[in-house]
Amino acid sequence: MKRSRAIAGAAALAVAGIATMATATTASAAPAAAATYNGACGSGYSVVNSVPVTGKGTVYLTYSAKTGKNCVVTVRNSPGKKVYMYTYLTATDGSSDWVYDSGQYTSYAGPVYLPGKGICVDWGGAIESVSVSVSGSNCGRMAAGVVTHH
C-alpha cells in the first residue's frame, strides 16, 4: 500500500528508528546471498544507487530518463515468511511529500515513485529491525549522498 503523507512518513521513520535502536541484531552463521534488483520499478528504470541493509537485503534507487522519476524498492536477500519491511523516497529540499510503503512482506517493499529530474533525494528502507537511509543523493549528477545505517 502506497502513501504520500509528509507527517505520516516522518512519524513512521521515527518509529522505525526507535525500534531499530531498541532491538539488537545477531549475525547469522552463514552470510546470505546478496539481494539483486528485481525490476519491480518497471520497464525503463535503471539502478543508479544502492545501499545494503546489513545482513538482510538491499535498497535500490532507480531512475527512468523517459519519465524523469526516481523509484525505490527494498529487497530481501532471502525471501520467506512475512517480515516487517519499509521503503521511502522524498526530495531533500522538502519540496515533496514522503512517499513510502511499509508492511509485512515476503520479498520486497515498494516500489515507490517520485519525480526526480535535477533534484537531490533522500531514500532508504528497513527489513525487520535493520534500517538504512541515504540523504542528499543523486542530484542529477550521481552524487553519492550520506549513508546512515541503523
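Here are some exercises on this predicted model, each with a worked solution.

Before you start, note that residues are numbered from 1 along each chain as its sequence is written, and that side-chain values use heavy atoms, leaving out hydrogens and water. In this predicted model, local features need pLDDT of at least 70 and side-chain atom pairs count only at pLDDT 80 or more, while totals for chains, interfaces and linings use all residues.

**Exercise 1. Find how many helices and strands the chain has, and in what pattern they come.**

Step 1. Start with the rule: helices (H or I, at least four residues) and strands (E, at least two) are DSSP runs, numbered from the N terminus.

Step 2. Now read along the sequence: the pattern is β-α-β-β-β-β-β-β-β-β-β.

**Exercise 2. Work out the strand order of the four-stranded open sheet, and which strands stand at its edges.**

Step 1. Two strands pair if DSSP finds at least two bridges between them.

Step 2. Begin with strand 2 (46-53) and strand 3 (57-64). They pair in the antiparallel sense over seven bridges, and S50 stands opposite Y60 in strand 3. Three residues lie between the two strands of this hairpin, and G55 in the turn has a positive phi of about 75°.

Step 3. Move on to strand 4 (residues 69-76), which runs antiparallel to strand 3 and is joined to it by eight bridges. Here G57 has R76 as its bridge partner in strand 4.

Step 4. Put together, the order is 2-3-4-7, with antiparallel pairing. Strand 2 and strand 7 are at the edges with a single partner strand each, so one side of each has no neighbour in the sheet.

**Exercise 3. Describe the largest nonpolar core and the surroundings of V72.**

Step 1. A nonpolar core is a set of buried Ala, Val, Leu, Ile, Met, Phe, Trp, Tyr and Cys residues joined through side-chain atoms within 4.5 Å. Buried means under 20% relative accessible area, exposed over 50%, and partly exposed in between (1.4 Å probe, protein chains only).

Step 2. The largest such core has 19 residues, and V59, V72, L89 and W123 have the most contacts inside it. Among the elements giving two or more residues are strand 5 (83-91) and strand 8 (121-127). Apart from this core lies another, of five residues, including W98 and Y100.

Step 3. Contact means heavy atoms within 4.5 Å. Leaving aside neighbours within four places in sequence, V72 touches C41, V59, L89 and W123, among others.

**Exercise 4. Find the disulfides, and say which are left-handed or right-handed.**

Step 1. A disulfide is a pair of cysteine sulfur atoms within 2.5 Å. By this rule there are two disulfides.

Step 2. C41 and C71 form a disulfide with sulfur atoms 2.0 Å apart. Its S-S torsion is about -80°, so this disulfide is left-handed. The pair links distant parts of the chain, 30 residues apart: C41 in the loop between helix 1 (6-22) and strand 2, and C71 in strand 4. C41 is buried at 5% relative accessibility, and C71 is buried at 0%.

Step 3. C120 is joined to C139, with S to S at 1.9 Å. The torsion about this S-S bond is about 115°, so the disulfide is right-handed. C120 is partly exposed at 27% relative accessibility, whereas C139 is buried at 11%.

Step 4. Counting bonded cysteines along the chain gives the pattern 1-2, 3-4.
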